[in-house]
Amino acid sequence: MCGVFIWVNLSHSEVVRLRLASHRQISGCLFSGDHRQVRSGGAVRHLRPLILKDVAEVTNLHESTLSRVTANKNMMMPCRGFELRHFFSVAIASVAGGDAHSSTSVRDRIREFIEDEAPLAVLSDDAIVDILLKNGIDIAWRTVAKYREAMDILSSVQRCREKRVQAGI
């Protein structure tokens with residue numbers, strides 16, 4: 001009976017040790033590969049695309065293991081804590097073939113553009129695409145519409161009506 005108890009506890013401690021080692025590997029990968037965001041305190045604007053597959057290759061972990069390890073885990077940054085999944089996103093091409101942009105940072109820019117628009121100068125999805133192109137981000141208007149809808153932001157026609165009512169025009 002005593003031997004079984006020791007075996008179970010040793011197995012559990014080994015699992016915990018391996019789990020901590022996996023966390024260290026993933027954190028190391030985040031700090032080495034996505035240093036711009038880490039140094040900026042986790043600012044979404046500086047987020048570079050980081051794909052589970054790439055991190056899995058570097059850490060020698062399976063993608064499903066990596067997904068489980070990062071689920072419901074947080075990393076404390078200088079400004080605040082972030083869920084580990086926050087650092088993983090889809091890559092969006094750059095216009096001039098430069099560094100790709102993360103979908104999270106593009107969504108953040110779209111949200112900022114819409115928040116800063118004037119009541120009489122509401123941006124359409126096409127106008128947002130043009131602004132993003134000028135900033136080096138190659139994206140289709142359908143993707144802008146998809147991101148906007150995912151963030152529960154109204155269409156340009158609906159925003160225009162709402163902003164005119166709020167402005168009393």
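Tutor: Happy to! A residue is called buried under 20% relative accessible area, exposed over 50%, and partly exposed in between, using a 1.4 Å probe and protein chains only. By that rule, 34% of the 169 residues of the chain are buried. Please keep in mind that this is a predicted model, in which local features need pLDDT of at least 70, side-chain atom pairs count only at pLDDT 80 or more, and totals for chains, interfaces and linings use all residues. Residues are numbered from 1 along each chain as its sequence is written, and side-chain values use heavy atoms, with hydrogens and water left out.

The chain has eight helices and four strands, in the order α-α-α-α-β-β-β-β-α-α-α-α. These elements are DSSP runs numbered from the N terminus: helices are H or I with at least four residues, strands E with at least two.

Now to the packing itself. A nonpolar core is a set of buried Ala, Val, Leu, Ile, Met, Phe, Trp, Tyr and Cys residues joined through side-chain atoms within 4.5 Å. The largest one holds 15 residues, and those touching the most other members are Leu-30, Leu-50, Val-55, Leu-66, Met-75 and Phe-87. Two or more residues each come from α1 (2–33), α3 (52–59) and α4 (63–70), with α1 giving the most, three. Another core lies apart from it, with 14 residues, including Val-106, Ile-110, Ile-114 and Ile-128.

Contacts, meaning heavy atoms within 4.5 Å, show how the chain comes together: among those between residues at least 6 apart in sequence, 57% join residues at least 24 apart.

How far can you trust the model? pLDDT is the predictor's confidence in each residue, from 0 to 100. Its mean over the chain is 77, and 78% of residues reach 70 or more.

Finally, a look at the loops. Most residues other than glycine have a negative phi, and most peptide bonds are trans. Asn-60, in the loop between α3 and α4, instead has a positive phi of about 60°, and counts as exposed at 69% relative accessibility. Asp-152 also has a positive phi of about 60°; this residue lies in the loop between α7 (141–150) and α8 (156–167) and is exposed at 72% relative accessibility.
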